[in-house]
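This report describes a predicted model. The sections below take up the ligand site, the interface and the salt bridges.

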Amino acid sequence: MAQNRIDNFKVIVIGGSAGSLDVLLDITSLLPSMLKAVIIIVLHRRSDSESILEKLLSYKTQISVSEVEDKEPIRPGHIYIAPGDYHLLIENENTFSLDYSEKVSYSRPSIDVTFESAAQTFKERLLAVLLSGANADGTEGLGVVKEYGGYSIVQNPETAEVGFMPRQAINAGFADSILDGKEIAVKISELLRQ
Amino acid sequence: MLNEGDLDVLIAEVAERYGYDFSNYARASLRRRVNRLLVIDRFPSFAELLYKIKNDASYLPHLVQELTVNVTEMFRDPATFKTLREQVLPILATHPFIRIWHAGCSSGEEVYSMAILLQEANLLHKSLLYATDLNPAVIENIRKGIFPLNLMKDYSENYIEAGGRNDFSNYYTAKYNWAKFDESLKAKMIVATHNLVSDRSFNEFQLILCRNVLIYFDKVLQDKVLGLFDDSLDQLGFLVLGSKENLRFSPIAKKYTQLTNREKIWRKTG
Ligand SMILES: C[S@@+](CC[C@H](N)C(=O)[O-])C[C@H]1O[C@@H](n2cnc3c(N)ncnc32)[C@H](O)[C@@H]1O
């Protein structure tokens, strides 16, 4: 059996807003089933108590998908979703925590908050991905990811459903690589299979 | 931006000088609070903030206010209130007196929501609602019973989702930009400061609500506080946590049964 070498990227955190769902589904469906990395998804959405996102993603993969609860352990080989109306923080290498403080960029969960927190903990082992959206969220967080030596992929604003959010990050100079939605899914699955 | 060492220094200083012990708070969140404080109060660096803490006792209320998170709303998680209304209150109704503790209740939105439920179930007259928080500033608002008028539309929707059938606006009078809630709701509230880190159990309750407070604590403090609730809860009493909090990994879990697997309501059955 080919050994997964994900020492480089232990953690992948993906931030998306308006128009990012299809890309997210693509990424999920291409993930290797023997996943050793941790995948964390922060998606802007209405703060419904029920999460359809969890269900939608589960249809696409064998990997377990769940919304994070407070102080839940961070386990490799899982896909975690930031729950609606909470900020998702990384307490330490092994533990999530949640926070119900003020919205950031009109958002809770905020992508900036999770990017920043993940960067401080996972440093150069973090891969951050910023997708389609109509909001400025994510750019500041990507800056912190870069500062701590992480790698960033930003969706191509030209082909994204809503280009505003990725364009902010690119203009700020925080994109290591700019890819179309489909390419992102392929790229991530390659990185994970290397 | 402050580093981990700075945070330890601040925590030690605040504990020693003022008796507020944040050492078992969840670090990721606390670090954000302190960074935010540096920004909103325009401290050029951590050293200036520390100097302020050491030399200006009048800064303490503001410090406590900003280090903690007070965001709350009425009938937050309406489904939880609906379950309380339909499944918990009918059981509490069989008691001669009902004692309820809202631990970490912030400015009281949750307490007023509960008072409305109790009034509608015709139980308020035999209930006592203990509303506590470590922050003396936020609980002042409970005594006033005044909330921003522009939020009433959202609260009214929550109220209906929580099974409310009345016209929500019957519960308050609007004045300028404020909604003042009916005095009758307040009559059974006992408002006091109580620090879950350092204060003890002070009564026996049939229902304890502590929502979105434990998320700010580390595992050690969470377990300690859950122990305090366990000591303060009657046999067959109910414990309500926030929608993303769970009893599952705590030492007291084995004594408790979750009421429905969707709501964070447990009954002390063991
Ligand atoms: C986010 S609010 C929760 C309000 C309400 N229960 C809700 O869920 O909407 C958190 C509250 O916990 C309080 N708190 C924080 N640490 C505390 C402690 N050690 N003891 C008591 N209250 C505390 C804060 O002052 C704040 O008002």
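Which polar backbone atom is 3.4 Å from a nitrogen atom of the ligand? That atom belongs to Leu134(B).

## Ligand site

Asp133(B) places a polar side-chain atom 2.6 Å from an oxygen atom of the ligand.

Backbone atoms take part as well. A nitrogen atom of the ligand lies 2.9 Å from a backbone N or O atom of Leu196(B), and a ligand nitrogen is 3.4 Å from the polar backbone atom of Leu134(B).

## Interface of chain B and chain A

The size of an interface is often given as the accessible area lost when the parts come together. Here, chain B and chain A bury about 2,200 Å² between them, and 46% of this area is on carbon and sulfur atoms. The contact involves 29 residues of chain B and 24 residues of chain A.

Across this interface there are 7 salt bridges, together with 19 residue pairs in polar contact, both residues being at pLDDT 80 or more. On the side of chain B that touches chain A, helix H2 (27-40) and helix H10 (219-232) of chain B each supply at least two residues. H2(B) gives the largest share of that side, 7 residues. Sorted by class, the side of chain B that touches chain A has 14 charged, 9 nonpolar and 6 polar residues.

One of the salt bridges pairs Arg33(B) with Glu102(A), with the closest N and O atoms 2.8 Å apart.

## Salt bridges within chain B

Over all chains, the structure holds 30 salt bridges. Side chains of opposite charge can pair when their charged atoms come close. In chain B, Lys268(B) and Asp230(B) meet through their side chains in a salt bridge of 3.5 Å, N to O. Another network, built from salt bridges that share partners, joins Glu102(A), Arg33(B), Arg36(B) and Glu66(B).

Glu183(B) and Lys180(B) also form a salt bridge, the closest N and O atoms being 3.2 Å apart. Glu183(B) is partly exposed, at a relative accessible area of 47%, and Lys180(B) is likewise partly exposed, at 31%.

In chain A, a salt bridge links Lys146(A) and Asp176(A), whose closest N and O atoms are 2.4 Å apart. This pair connects distant parts of the chain, 30 residues apart: Lys146(A) belongs to helix H4 (residues 139-147) of chain A, whereas Asp176(A) is in the loop between helix H5 (164-171) and strand E9 (177-179) of chain A. Lys146(A) has a relative accessible area of 26% and is therefore partly exposed. Asp176(A), with a relative accessible area of 34%, is partly exposed too.

Is Asp85(A) buried or exposed? Its relative accessible area is 14%, so Asp85(A) is buried. Asp85(A) is found in the loop between strand E4 (78-81) and strand E5 (87-92) of chain A. The side chain of Asp85(A) is joined to that of Arg108(A) by a polar contact of 3.0 Å.

Conventions: Residues numbered from 1 in each chain as written. Chains lettered and ligands numbered in written order. Predicted model: local features only at pLDDT ≥ 70, side-chain atom pairs only at ≥ 80, totals over all residues. Heavy atoms only, no water. Helix = DSSP H or I, 4+ residues; strand = E, 2+ residues; numbered from the N terminus. Buried < 20%, exposed > 50% of the residue type's maximum accessible area, 1.4 Å probe, protein only. Polar contact = N/O pair within 3.5 Å; in protein donor to acceptor, adjacent residues only side chain to side chain. Contact = heavy atoms within 4.5 Å. Buried area = accessible area lost by both parts, 1.4 Å probe. Salt bridge = Lys/Arg side-chain N within 4 Å of Asp/Glu carboxyl O. Nonpolar A, V, L, I, M, F, W, Y, C, P; charged D, E, K, R; others polar.
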